[in-house]
Amino acid sequence: MSKFIGKTAVISGGAEGIGLSIAKALGEQKMNIVLTDINEKNLQKASLELETIGVPVLPVVLDVAKEDQWQEVAEKAIARFGKIHMVVNNAGVGGESGSIENQNARGWQWALDVNLMGVVFGAKVIVPLIKQHGEGGWIVNVAS
């Protein structure tokens, strides 16, 4: 019997690639999935894909670099599923390409905001909710 049955996972950057694969794998373990992504069109498509295979899913648009949006995700997750047991900080960007002398501060700041602060905000908002119910849980940070 899976220890994940009936538990809830919040996955950032979940509309495609690694995030969607994680959502499918956890859904197969009978977890509830709060699927988030900044791209609403891709998010709706991914959510439908999960629903089609019987995964309970709540899609929420999220810019991980905005702490207040993480708070909204948490509130919606609790309203729908009652508790949160896992956060998968998967959203990430590669930054700008090209030579270093052609880089600008705005591009670097965007990469830091998504890749670093997105993880910080995800943990800051979700971990207290995992602790609150006293059942334990999981933090998964995807990085490259």
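In what follows, Ala, Val, Leu, Ile, Met, Phe, Trp, Tyr, Cys and Pro count as nonpolar, Asp, Glu, Lys and Arg as charged, and the others, Gly among them, as polar. The model is a predicted one, in which local features need pLDDT of at least 70 and side-chain atom pairs count only at pLDDT 80 or more, while totals for chains, interfaces and linings use all residues. Residues are numbered from 1 along each chain as its sequence is written, and side-chain values use heavy atoms, with hydrogens and water left out.

Grid points are joined across faces, edges and corners, and a volume is the space filled by probe spheres set on the points.

The largest pocket has a volume of about 530 Å³, and of the 22 residues that line it, N90, A91, G92, V93 and V114 lie nearest its centre. Its lining comprises 11 nonpolar, 8 polar and 3 charged residues. Helices are DSSP runs of H or I with at least four residues, and strands are runs of E with at least two, numbered from the N terminus; the elements that give two or more residues to this lining are α1 and α4 (105–132), with α4 giving the most, 4 residues.

There is 1 cavity of 30 Å³ or more, and the largest cavity holds about 40 Å³ of space. Its lining consists of S12, V64, W70, N89, N90, A91, V114, G118 and V119, of which 5 are nonpolar, 4 polar and none charged. Here too α4 gives the most, with 3 residues.

Axes are lines fitted to C-alpha atoms, for helices over the stretch in contact, and angles run from 0 to 180 degrees between N-to-C directions. Helix α3 (residues 67–81) packs with α4 at an angle of about 35°, their axes 9 Å apart. In their contact (heavy atoms within 4.5 Å), E67, W70, Q71, A74 and I78 of α3 meet G118, F121, G122, K124, V125, I126 and L129 of α4, a set with 7 nonpolar, 3 polar and 2 charged residues.

Helix α1 (residues 17–28) packs with helix α2 (residues 40–52) at about 20°, with axes 11 Å apart. The contact is made by L20, A23 and K24 of α1 and A46, E49 and L50 of α2, which by class are 4 nonpolar, no polar and 2 charged residues.

Notes:
On a 1 Å grid over the protein atoms alone, a cavity is a set of points where a 1.4 Å probe fits but cannot get out, and a pocket is an open set with protein on both sides within 12 Å along at least five of seven lines; lining residues have an atom within 4 Å of a point.
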